[in-house]
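Start with the structure itself.

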Amino acid sequence: MARINDHFSKLPAGYLFPEIGRRVRAYAAAHPDAKVIRLGIGDVTEPLSPTIVAAMHAAVDEMGQRPTFRGYGPEQGYDFLLDAIRQHDFGARGVDIGADEIFVSDGSKCDSGNVQELFDAAASIAVSDPVYPVYVDSNVMAGRTGPLGADGRFAGLVYMPGTEANGFQPAPPEHPVDFVYLCSPNNPTGTVASRAGLEQWVAWARQHKAIILFDAAYEAYISDPAVPHSIFEIEGAKECAIELRSFSKRAGFTGVRCAFMVIPKQLMGQGAGGQLRSVNAMWSRRHSTKFNGVSYVVQRAAAAAYSADGLRETMGQVAFYLDNARRMREGLTKAGFTIFGGVHAPYLWIRTPDRMPSWDFFDQLLTRAHVVGTPGAGFGPGGEGYFRLSAFNSAAAVDEAIERVVKAFG
Ligand code: MLT
């Protein structure tokens, strides 16, 4: 019999969002008249912007003509997209990132799951709790943890509690670790790291020669100019950080798939013999071995999101979702809920009524209000007693959901 990777058996059977989907489908099948409103998985609902659609059409036409047809592209991404990223996402914020420090990919979920291939099998890993489950599960699959304990934690992982007391932004751990995952604006809590908070993290990482994996997939939702969009806005971060960016929530690409990872040339890791290795060179080797690049049509679409019209249209969509979040925050706060996040992020993090277990609240919300959200416990033990609502839906659906929740629980 073929030997399989036993580490998979440490994981709960299903990934969080398919499990929610399964429960919602079962409820909808049993209650066909219930008009269920989905505020669970953070999936965009607005169609692609006209400028992006036009760019995709034009790129498809190019692919259909012999003189402009393209086969394999450069693995790291086409120059037209790398240049737009450099200029708009970094240059405009005073950060100089080289084209060869950017790796275009098919999504931040894949990048955040794949990045652990850079780590030694025995590397120590720290995550916030609550946490985006991919950071944890991908390390479990790779055998970097022990079994799941009764406390909901995997042995061997360092959990950094995000609590109301620290604004769900944990400080660096007391004991050094090799790699730490940070996400800001944060999924699931919707809270954001301040400049001072990021400076503390960068100082800690440089002191301990740790690497920070900074997931900035939601940076477009930052609405305070004092809050950094990139960790590379912090002095010294190029020596200690990798950044993940995505077009999913910034330009409505959840179904199109495009993201990128920034790995500065200065970033070094250490091999078993103490030798220093360029992490950028390692990832370049990995990327060109296992990936053949994002399609030309999709990269043209991503580049169109940086044109003047593309920026105006996509930032309009971000503002639309943020306005949904604002109405949700205001409506639910008025009804007595305690709410966090939802200001610089499309997610609201809600204390469950009377600290009800979050899966129980999921069931109650579904059966009493026909509204779907995400139980905090799905993001780790630190999420128990909380619940995530996403602001990705039509204005009408969001307003109706608020009304129903207020009626059922207010
Ligand atoms: C979420 O709901 O947390 C996100 O949509 C998941 C993802 O981006 O993979």
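## Domains and model

Domain bounds here come from an automatic or database domain assignment. The protein chain splits into domain 1 (7-46 + 309-409) and domain 2 (53-306). Their C-alpha centres are 25 Å apart.

The model is predicted: local features need pLDDT of at least 70, side-chain atom pairs count only at pLDDT 80 or more, and totals for chains, interfaces and linings use all residues. Residues are numbered from 1 along each chain as its sequence is written, and side-chain values use heavy atoms, with hydrogens and water left out.

## Buried area

Buried area is the accessible area (1.4 Å probe) that two parts lose on being put together, summed over both. Domain 1 and domain 2 bury about 3,200 Å² between them. Carbon and sulfur atoms carry 64% of it. Lys10, Tyr15 and His344 supply 22% of the area that domain 1 buries against domain 2, more than any other three residues.

Arg355 forms a salt bridge with Glu164. Their closest N and O atoms are 3.3 Å apart.

Notes
A salt bridge is a side-chain nitrogen of Lys or Arg within 4 Å of a carboxyl oxygen of Asp or Glu.
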